[in-house]
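Dear colleague,

My notes on what was found follow it.

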Amino acid sequence: PLCSFNKSMDIEEEKELEKHNKEDWCCSRKKAFQITKSFIPILEWLPNYRVKEWLISDIISGISTGLVATLQGLAYALLVAVPVGYGLYSAFFPILTYFFLGTSRHISVGPFPVVSLMVGSVVLSMAPDENFLLVSSNTTGLNKTLIDTESRDAQRVLIASTVTFLVGIIQLVLGALQIGFIVRYLADPLVGGFTTAAAFQVFVSQLKIVLNVSTKNYNGILSIIYTLIEIFERIGTTNIADLVAGLLTIVVCMAVKEINDRFKHKIPIPIPIEVIVTIVATGISYGADLEKKYNAGIVKNIPRGFLPPVPPVVSMFSQMAAAAFSIAVVAYAIAVSVGKVYATKYDYAIDGNQEFIAFGISNVFSGAFSCFVATTALSRTAVQESTGGKTQVAGLISAGIVMIAIVALGKLLEPLQKSVLAAVVIANLKGMFMQVCDVPRLWRQNKVDAMIWVFTCVASIILGLDLGLLAGLVFGLLTVVVRVVEPQGVKILQFSSPIFYANIDGLKSSLKSTVGFDAVRVYNKRLKALRKIQKLIKKGKLKATKNGIISDSGVANEAFEPDEDPEESEDLEIPTREIEIQVDWNSELPVKVNVPKVPIHSLIFDFGAVSFLDVVAVRSIRTIVKEFERIDVRVYFASHQDSIVTKLEQCAFFDDNIRKDIFFLTVHDAVLHIKSQIMYKDIQDPIFEKMKYAEPVDLHSQLLTLKISQLCGLHKTWKLAGPFRESMAEMHAKK
């Protein structure tokens with residue numbers, strides 16, 4: 001029977017094991033599918049696509065967005081310094097991969113002016129006009145310098161696509177390493193200053209196209225200044241036809257965009273003014289033959305159809321690596337920032353690391369097809385969302401509209417003036433220029449943030465976008481370090497949760513570990529040391545001089561006794577006389593009492609994350625303040641909410657000694673106040689403490705009372721507050 005029982009147990013164990021194996025296998029398959037969906041998000045949202053509810057909206061949105069993307073692709077190609085037709089490729093290819101891999105349902109993927117300008121700066125630095133000069137002779141025998149535009153444009157397209165490929169690789173690596181958090185270091189003031197500077201650079205680069213004024217291609221430090229100087233030097237060569245067309249386009253586009261913004265609740269679909277202006281301008285240019293009659297600069301040639309893929313030039317990577325990293329981070333930051341706005345609005349999540357991977361693959365893929373770096377454009381995304389776009393199906397339809405333009409409509413746009421495209425770019429910069437209005441608000445709220453904004457903007461204008469971004473990032477991090485580093489003698493303690501009865505003990509322990517001492521123990525040890533000093537002076541074993549307390553030579557100092565010895569409680573008769581002593585508690589004392597050092601004079605409680613206090617917490621904090629005050633450590637509170645002060649008032653926290661002037665809006669304000677107090681005390685505050693011997697009183701009522709006198713130029717000593725001060729007042733009352 002025992003054998004039968006064991007056999008049945010073995011069979012049951014085998015069945016249980018087999019069951020667990022099946023469950024593990026099913027779980028693994030499910031987990032694998034979940035991982036696959038995380039890398040290919042379309043598997044998550046496409047099966048849940050509501051065809052009847054969303055398809056019509058996505059089609060309408062896709063058509064509207066596609067028309068805008070076509071025009072912006074042509075316009076932003078001017079920023080990259082490549083033929084405008086390549087802008088159409090850049091508005092088409094990135095959407096195809098993002099449709100499968102992206103986590104945002106609303107952003108419109110494609111060129112963006114800031115990123116396009118950053119790519120253009122790399123292109124112009126590696127392929128300037130000077131590298132493609134030709135010398136030809138005319139019939140008069142004079143030599144004329146020409147530019148081999150065909151070779152130049154081919155080289156610039158190759159450089160732009162290589163930069164795009166490298167940017168994609170960098171983004172892929174950052175995404176694989178889960179470094180999506182890197183965008184956190186691009187604070188809002190830094191991004192605001194950088195994009196405003198980029199908008200200014202975009203404006204200057206397009207200004208010469210609106211004027212049709214030829215200038216050299218400047219790069220590096222002060223390049224924007226040199227470009228402006230040369231534009232004004234050659235302002236006399238302005239083409240009037242291009243200037244008029246550009247100014248009219250800017251005025252009309254900005255006016256209609258303002259109408260779209262003001263009446264967006266009444267207009268079901270924003271007026272596609274860029275498309276309308278482009279069609280009208282193309283018709284006028286073709287009908288009036290502006291190129292031949294007025295020498296207007298037109299698009300001329302837009303290639304029809306698609307080009308075969310071209311591999312990147314790997315040997316160029318070393319020359320463009322630094323710029324490519326900046327472009328990769330900025331492009332990602334712009335896309336994720338815009339994506340999060342709409343994700344919050346429509347209650348879904350954006351995966352930062354997956355966005356890195358999605359844009360990385362998109363840029364690698366599109367770089368092979370002669371595109372430049374893709375991110376998202378604010379205006380284009382706003383069109384996609386406001387026209388009813390629900391998912392990336394709208395993005396795919398917009399890519400279809402761009403494809404139609406590439407395949408069939410390119411020839412129709414060849415008479416279009418370049419100044420009109422440049423004006424479309426300038427009209428779309430309004431939102432970025434309006435960020436200047438944020439500076440006064442930032443200055444009122446936080447002057448350091450305002451300084452970061454201004455510094456980044458100025459640095460990006462003077463140094464260029466890549467170096468300017470780096471300088472702004474370093475400056476921003478330095479301000480964080482400066483704001484976090486505690487000044488000498490100051491400790492800052494931050495609380496990251498409400499304070500109540502359950503965590504008040506933890507707060508006290510954290511306070512002790514932060515400051516490095518126990519305020520109650522310090523106070524008791526100082527009392528003990530003063531009592532011993534008093535006894536030695538009475539016995540004549542110590543003398544008080546003008547320079548402090550010293551031991552008589554030839555007399556053994558019996559004060560060096562073990563710290564643990566019990567205190568004498570006898571009353572001592574002390575003659576009434578006044579002697580000056582210097583009590584520097586952080587130096588060696590003439591008695592053997594282990595008085596803990598107090599290396600601080602101020603303590604700041606950062607209450608920025610404290611949402612409420614209970615009665616127990618208020619009482620405990622009040623006790624803490626008094627304990628530190630009596631060892632001459634001032635306590636301050638910063639970044640508190642109004643409700644905290646109200647609670648403190650209700651719980652009788654304030655009195656004659658604890659007033660509201662120890663509360664500050666920010667930690668920085670508290671530190672500034674402490675520094676000003678120190679500077680004032682260095683000139684006027686008392687230095688010496690005087691020990692006055694009074695009539696015999698009980699030791700527990702404090703035999704020693706301290707008076708303050710001034711002696712400038714000597715080391716500041718700590719004054720003992722609390723009961724000492726009270727005893728002195730009592731004695732004066734008795735007298």
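What is the order of the strands in the open sheet of 4 strands? The order is β5-β9-β10-β11, and the pairing is parallel. Strands here are DSSP runs of E of at least two residues and helices are runs of H or I of at least four, numbered from the N terminus; two strands pair if DSSP finds at least two bridges between them. β5 (490-494) and β11 (663-664) stand at the edges with a single partner strand each, so one side of each lacks a neighbour in the sheet. β11 pairs with β10 (residues 634-638) in the parallel sense over 2 bridges, and F663 in β11 is the bridge partner of F637. Helix α22 (residues 504-515) packs on this sheet, touching β5 and β9 (602-606), where contact means heavy atoms within 4.5 Å. The direction of α22 makes about 150° with that of β5; axes are lines fitted to C-alpha atoms, for helices over the stretch in contact, and angles run from 0 to 180 degrees between N-to-C directions.

H601 lies in the loop between β8 (578-581) and β9. At 23% relative accessibility, H601 is partly exposed (buried is under 20% relative accessible area, exposed over 50%, partly exposed in between; 1.4 Å probe, protein chains only). Its C-alpha atom is 6.3 Å from that of V490, 111 residues apart along the chain.

The protein chain has 27 helices and 13 strands, and 48% of its 735 residues are buried.

Please note that this is a predicted model: local features need pLDDT of at least 70, side-chain atom pairs count only at pLDDT 80 or more, and totals for chains, interfaces and linings use all residues. Residues are numbered from 1 along each chain as its sequence is written, and side-chain values use heavy atoms, with hydrogens and water left out.

Yours sincerely
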